[in-house]
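Here is a short briefing on one protein model. Keep the sequence and the 3D view open as you read.

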Amino acid sequence: MATTRSFLILIFMILTTTGSASSELEEVVTILSIDGGGIKGIIPATILDFLKGQLQELDDNKDARLADYFNLIAGTSTGGLLTAMISSPNEDNRPISAAKDIVSFYFKYGPKIFPRSPPPILHPKYDGIDFHKILEDVLGETRLNQTLTDVVITAFDIKSNKPVVFTKSELAKYPELDAKMSDICYSTAAAPILLPPHYFVNDDGKGNQLEFNLVDGAVAAVGDPAILALSVATRRAMKGDPAFASIKSMNCKKVLLLSLGTGTNSEFDKTYTANETADWGAIEWLFHNNSTPLSQMHSAACSYMDDYYIATVFKAGNAEKNYLRIEENALTGSTTSLDDASVENMKLLVQVGENLLKKKVSKENSETNEEALKRLPKLLSERKKLRAKKASY
């Protein structure tokens, strides 16, 4: 996987040097990417609620929704759930949820999805029955082809041993992927140990029945789907999609990428040292003192490295401000948990999101995340209006 990522980033770096230096506003492709992280999805939902408020204020439109402004929204696990909820239509063909509604969703349903009970040793921690029922109730019969903008949601098929990428723009080629959003969302969130894998059958429209045996997309090393989102956008450009034509040469000045994490504890020195872990076996690495060291380390490392790759690409293309990664790297205590759905912890996660807006973008960038986010609405709003204008021709 490291070799694959390195190759991909090399290709991106080469391509960024071949594009035009022009950065005409109408040619900017807008992408939103949301990480996985269970109940910690409250953090990016809080950030998105702030952005949505800025867009509504700028456009003087209380009905403005995030799906109106992004060409592509990508998500994994809880990020896939957020993606579905802000892009799936209601009976009025508007997104079923605003960003603030998603925070409420976690508070309403989190305790049912992750109930407090002694975890079974020989079975998944949760049976997933209530979770799937909740998704069916919220998303109804909506299928991938109905989303209000292009979306990318990942899962991993444990029978074929391959990633599955549910992409609206690829349905003409892969009609079997036009599944119900409730099935897609459960699949991308079915983290091994926490939830059972998801089996369902889908028709490809030609009478062929396709089986899926899916678990969390993070198993395919796409806990942060931002690189995948860039790949999908580039594929659309290569196929001649006029909405993505400006990035056929992967000119980063023609891409606006907002990537939201669900938080890690990578800035804290853990209490683990080489000496302390020298005798650890499988049990200790997987479960130690009510934590999951290996999972947390892997998550933090993937988040850091994906950001490193993408930031390098945009910097090489002299487009640093076109990429914004917002991630809390100093989570502590219960906020590091994927499944602590206690009201107390969920309130803490909301506070983490609100505090994150006041933090610096990075050590190299002294502006706050809030200041950086406030730069986006004008570009997003003008881009939306230009799309509407072109569609009216």
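I193, L286, F287 and L294 make up a nonpolar surface patch, with about 370 Å² of accessible area together. Patch members have over 30% relative accessible area and no salt bridge; like charges are joined within 9 Å, nonpolar side chains (Val, Leu, Ile, Met, Phe, Trp, Tyr) within 5 Å. Areas come from the Shrake-Rupley method with a 1.4 Å probe, and for residues only the protein chains shown count as cover.

This is a predicted model: local features need pLDDT of at least 70, side-chain atom pairs count only at pLDDT 80 or more, and totals for chains, interfaces and linings use all residues. Residues are numbered from 1 along each chain as its sequence is written, and side-chain values use heavy atoms, with hydrogens and water left out.

- I193 sits in the loop between α6 (181-189) and β5 (198-203). Helices (H or I, at least four residues) and strands (E, at least two) are DSSP runs, numbered from the N terminus.
- 9 of the 9 residues of α6 are buried, so this helix is largely enclosed by the rest of the structure. Buried means under 20% relative accessible area, exposed over 50%, partly exposed in between (1.4 Å probe, protein chains only).
- S182 belongs to α6 and is buried, at 1% relative accessible area.
- Beyond its neighbours within four places in sequence, S182 contacts H132, L135, E136, L139 and G140. Contact means heavy atoms within 4.5 Å.

**Strand β1**
- In β1 (residues 29-34), 6 of 6 residues are buried.
- V29, I31 and S33 point one way, and T30, L32 and I34 the other.
- β1 runs parallel to β7 (residues 255-260), joined by 6 bridges. Strands pair if DSSP finds at least two bridges between them.
- V29 stands opposite V255 in β7.
- β1 also runs parallel to β2 (residues 72-76), with 4 bridges. I31 stands opposite L72 there.

**Salt bridges**
- The count is 19 salt bridges. Each has a side-chain nitrogen of Lys or Arg within 4 Å of a carboxyl oxygen of Asp or Glu.
- D49 pairs with K52, the closest N and O atoms being 3.5 Å apart. They are 3 residues apart in helix α2, separated by about one helical turn.
- R94 and D63 meet in a salt bridge at 3.1 Å, N to O. This pair links distant parts of the chain, 31 residues apart.
- E327 and R325 meet at 3.2 Å, N to O. D35, R325 and E327 are linked in a salt-bridge network.
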